[in-house]
Amino acid sequence: MKSHQSTTALLFTGVAACAELLNPLDAGAHLLTTGMGPVYDGIGHLLLTPEDLIPAMAVALYAGLRGKDPGRQTLFLFPLAWLIGGFAGLMATSIPVFPVQILSFLLLGGLIASDLRLPDNIITVIVIAVGTIHGFYNGIAMEGGPGISGLFGISSIIFALVAIAAALVISLRAAWARVVVRVTGSWIVAVGLLMLGWMAKGAS
Amino acid sequence: MTRKGKYLNYITCFLVQSGFFIAIPFAHAHVEQSQAISFVTGLGHPWSGLDHVLAMIAVGLWGAQFGNPAIWTLPITFPLAMSLGAMMGLLGMPLPAIEAGIAVSAIVLGLMVLGEVRPKLIVAVILVSCFAVFHGHAHGTELPAGHSGFLYSMGFVIATGCLHGLGITVGLIHRWPMGKVALRGSGGLIAAMGFFFLWQAVA
């Protein structure tokens, strides 16, 4: 871009920003008025819970490593499975004790680190299983709180994250860039192993 | 803008952002107060012991010197074996002469870089894995009271990986003749430091 063009673009941006400041609308900062509060609660819950966020990202990374078709499939199936699992969790009467996060870390991290080429239908089963089980526990957490709206928030942010992460990995062409993704997988397994150790220590 | 210039811009942005991330204080925005500090404690722990830092960097240097596929196999292997070592520690399985083992890891890895030794990949992987078990056993279990084990582990693994990355990045000087000499020199320095740590451990 030439310098006079960039100056003009800057001027336009400045004028637009001033116009925006001179004509402010209600901020709607208190989400009670919009009814979107529980949705954002759900979004915030996922983003602030690494035990759920990392497996969700790991699913996206693995799907991305496997290519376009598994990536597209995961984009729609994973949030849907999470949502359905969440509905089941909302209706659950008891909380089953199961180290789901640890197993997810070990399984998904292992798949990414080894870059294992599984058949598409197996990938689909894994994606649905991880989504449903994590969603189920999220549903239990949402009960009495954000409820169904929170689950919709979680599913929507998962959709966005999977879209970004899987698309990024699919687009990687350089061998070293794919290796970086695999190294991330090894870190996820390592954290899973340490979690297993902490759990065993707590239990002993 | 040239392609090279674009990449330089990306790297500069990444380094500046990383600097901010490292420098920011704890937000304490959430009810569970120990969450952020657990992660940062884990992130900072590997940098607190020079013996650990040198061995991690040596793994990266050796990987870079070794070339493909060791450049990525060794840094993938190390955190996994290190976690197994930490698990052993958490389960109360004893490991003899841990501090000496860590010092020996610095000596051997330093000597490998110094001598530009290229054994079979499987030998290198086994060697690095054995040393990683000692590092994990000693450092992975040092969780301060009241901290989250999960977030501490996450920080610990990420920091260890970053140390490997640092070693690999520095090790890329191997491409130039002077860099090759400097790299071997740094291996010698790491081995010398390892001898010092070993002397401290056994004295």
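Mentor: In this predicted model, a residue is called buried if 20 or more other C-beta atoms lie within 10 Å of its own. Keep that cut-off in mind as we go through chain B.

Trainee: Which residues of α8(B) are buried?
Mentor: Helix α8 of chain B runs over residues 177–202, and its 26 residues reach 38 Å from the first C-alpha to the last, close to the 38 Å expected at 1.5 Å a residue. In an α-helix, residues three or four places apart point the same way, because there are 3.6 residues a turn. With that spacing in mind, read the list of buried residues in α8(B), which are Leu183(B), Ser186(B), Gly187(B), Ile190(B), Ala191(B), Met193(B), Gly194(B) and Phe197(B).

Trainee: Is Ala55(B) buried or exposed?
Mentor: Ala55(B) lies in helix α3 of chain B, and, leaving aside residues up to four places away in sequence, Ala55(B) touches Ile102(B), Ser105(B), Ala106(B), Leu109(B), Phe131(B) and His135(B). The cut-off for burial is 20 or more C-beta atoms within 10 Å. Ala55(B) has 31 C-beta neighbours inside 10 Å, and therefore counts as buried.

Trainee: How many Å apart in space are Ala55(B) and Ile190(B), C-alpha to C-alpha?
Mentor: Ile190(B) is one of the buried residues of α8(B), whereas Ala55(B) lies in helix α3 of chain B. The two are 135 residues apart in sequence, yet from C-alpha to C-alpha the separation of Ala55(B) and Ile190(B) in space is 7.8 Å.

Trainee: Are α3(B) and α7(B) parallel or oblique to each other?
Mentor: Two packed helices are described by the angle between their axes and the distance between the axes. For α3(B) and α7(B) the angle is about 45°, with the axes 7 Å apart, and their crossing is right-handed. The residues of this contact divide into 11 nonpolar, eight polar and no charged. Angles under 35 degrees count as roughly parallel, so α3(B) and α7(B), at about 45°, are oblique.

Trainee: How is α3(B) oriented to α4(B), and which word describes it?
Mentor: Helix α4 of chain B covers residues 70–90, and α3(B) packs against α4(B) at an angle of about 155°, with the axes 7 Å apart. Angles over 145 degrees count as roughly antiparallel, so the word for α3(B) and α4(B) is roughly antiparallel.

Trainee: Which residues of α4(B) make the contact with α3(B)?
Mentor: The residues of this contact divide into nine nonpolar, two polar and no charged. From α3(B) come Val59(B), Gly60(B), Trp62(B), Gly63(B), Ala64(B) and Phe66(B), and from α4(B) come Ala70(B), Ile71(B), Leu74(B), Pro75(B) and Phe78(B).

Trainee: Which element gives the largest share of the side of chain B that touches chain A?
Mentor: The contact takes 21 residues from chain B and 20 residues from chain A, and the elements of chain B that give two or more residues are α4 and α7. By class, the side of chain B that touches chain A has 15 nonpolar, six polar and no charged residues. The largest share of that side, 11 residues, comes from α4(B).

Definitions and conventions. Residues numbered from 1 in each chain as written. Chains lettered and ligands numbered in written order. Predicted model: local features only at pLDDT ≥ 70, side-chain atom pairs only at ≥ 80, totals over all residues. Helix = DSSP H or I, 4+ residues; strand = E, 2+ residues; numbered from the N terminus. Expected span 1.5 Å × (residues − 1). Buried ≥ 20, exposed ≤ 12 C-beta atoms within 10 Å, placed from the backbone. Axes fitted to C-alpha atoms, helices over the stretch in contact; angles between N-to-C directions. Parallel < 35°, antiparallel > 145°, perpendicular 65-115°, else oblique. Left-handed = near helix turned anticlockwise from the far one by under 90°. Nonpolar A, V, L, I, M, F, W, Y, C, P; charged D, E, K, R; others polar. Contact = placed C-beta atoms within 7 Å.
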